[in-house]
Amino acid sequence: MLTRAPASCPHDDASPRHDWTPREATALYQLPFNDLLFRAASVHRACFDPNKVQKSRLLSIKTGGCAEDCGYCSQSAHHPSGLKASKLMEVERVLSEARKAKAGGATRYCMGAAWREPKARDMDAIVAMVEGVKAMGMETCMTLGMLTDEDIGRLKHAGLDYYNHNIDTSERYYSEIIKTRTFADRLDTLARVREAGMKVCSGGIVGMGETADDRVDMLVTLANLEEHPESVPINMLIAIPGTPLENTTPIDPIEFVRTIAVARIMMPRSFVRLSAGRTEMTDELQALCFFAGANSIFVGDTLLTADNPGEDKDAALFRRLGIEGLESEHDRHTTGHAQGEEAPAGRSGCNGHARSA
Ligand code: SAM
Ligand code: DTB
Ligand code: SF4
């Protein structure tokens, strides 16, 4: 049985729990900033090498013209963002981009499509993309919207490692941002992807005008899933002209760091990804996020449609901070026990002495 950690004993926080109450999570979120950071950093160090950050590369394989009305998104056909819609990319072009990403040090390749759900006629090409990228030795991730059980079976069979499907915000705030699908639709797809044995990447967006309670509730939903998502992307809203959220007041960066820190504490063995919005962040803010437990980023000049700091900038930031890219999933913990497994008996943390010097 998992034991509940007393607030004064941060290393005991390192065993995953799935019974978080909003009240407990709010209490974490509201801790004095230094106490919150200390506790999050302690959990982080117990579970991961704090100086290693995993690098994923994103490619938009089908851009724009999406039937959904997500209020933040440049790719929704409902918003006049000026983005030109394009068809599904040729398989060979995707594989050639993936080869470049691999040469640039990415260990995971994430392919995203602006779809409510894939059409049956697209699935042969999608499967070929997964198989081709996997054959290069990178982890594969896809984000394609909702999936049928048949789609899930084909993706699994092709060797897809991760499926990204964000819950984006709290259940309460969801319908303010998206009207063409429900929070429950999102959870349903996530549950069926998990059931099929794929790894899950799920997180959300901060800075959409939500309250701190919404941020906390989003994290409670993620942390109380039967298994924690292996990757938890925390995006800072990129306010895109032409979308309903274009004039949203930016979030206080300290609130953003608090969100990262609470995600780290509540999902101690998950990779917490500092995702969209890094072009607007100072090095100091990113450094605080890494200290608070973020240990994954998207690399490359572009996310799906929006800008991302280029490789040179990230290389300089990593040098300043003494951070290195994670070579593979296997050098995350020296004890090697996977996310979701119990820590060995008699040990309270993930791997208290697992870090390289
Ligand atoms: N259509 C698929 C879906 O919605 O699941 C996949 C692509 S969608 C663009 C992937 C995720 O990107 C969204 O769930 C959202 O969390 C994030 N995202 C999209 N636009 C964003 C923005 N302007 N700022 C921050 N995050 C954004
Ligand atoms: C995620 O959580 N963030 C990525 C990835 N998963 C697919 C996407 C960010 C998109 C940012 C806006 C854009 O590039 O259009
Ligand atoms: Fe479509 Fe995904 Fe953008 Fe929503 S977030 S409009 S589903 S591409």
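A polar contact is a pair of N or O atoms within 3.5 Å; within protein, one atom must be able to donate a hydrogen and the other to accept it, and residues adjacent in sequence count only if both atoms are side-chain atoms. The model is predicted: local features need pLDDT of at least 70, side-chain atom pairs count only at pLDDT 80 or more, and totals for chains, interfaces and linings use all residues. Residues are numbered from 1 along each chain as its sequence is written, chains are lettered from A and ligands numbered from 1 in the order in which they are written, and side-chain values use heavy atoms, with hydrogens and water left out.

Ligand 2 has 13 residues around it. A residue counts as near a molecule or strand if one of its heavy atoms lies within 4 Å of it. Asn166, Asn235, Leu304, Thr305 and Ala306 come nearest to ligand 2. Leu304 places a backbone N or O atom 2.9 Å from an oxygen atom of the ligand. For Ala306, a backbone N or O atom also lies 2.9 Å from an oxygen atom of ligand 2. Asn235 uses its side chain: a polar atom there lies 2.9 Å from an oxygen atom of ligand 2.

An N or O atom in the side chain of Arg186 is 2.7 Å from an oxygen atom of ligand 1.

Helix packing was examined next. Helices (H or I, at least four residues) and strands (E, at least two) are DSSP runs, numbered from the N terminus. Axes are lines fitted to C-alpha atoms, for helices over the stretch in contact, and angles run from 0 to 180 degrees between N-to-C directions. Helix H3 (residues 91-103) and H4 have axes that come within 9 Å and cross at roughly 25°. H3 is therefore roughly parallel to H4 (angles under 35 degrees; over 145 is roughly antiparallel, 65 to 115 roughly perpendicular and the rest oblique). The crossing is right-handed, meaning that the near helix is turned clockwise from the far one by less than a right angle; anticlockwise is left-handed. Val91, Val94, Leu95 and Ala98 of H3 meet Ala125, Ala128, Met129, Gly132 and Val133 of H4, where contact means heavy atoms within 4.5 Å. By class, this contact has eight nonpolar, one polar and no charged residues. Ala, Val, Leu, Ile, Met, Phe, Trp, Tyr, Cys and Pro count as nonpolar, Asp, Glu, Lys and Arg as charged, and the others, Gly among them, as polar.

H4 (residues 123-135) also packs with H5 (residues 149-158). Their axes come within 9 Å and cross at roughly 25°. H4 and H5 are therefore roughly parallel to each other. Their crossing is right-handed. Met123, Asp124, Ile126, Val127, Val130, Glu131 and Lys134 of H4 meet Asp151, Arg154, Leu155 and Ala158 of H5. These residues divide into six nonpolar, no polar and five charged.

Helix H1 (residues 22-29) packs with helix H9 (residues 253-266) at about 130°, their axes 9 Å apart. H1 and H9 are therefore oblique to each other. Ala25, Leu28 and Tyr29 of H1 contact Glu255, Arg258, Thr259, Val262, Ile265 and Met266 of H9.
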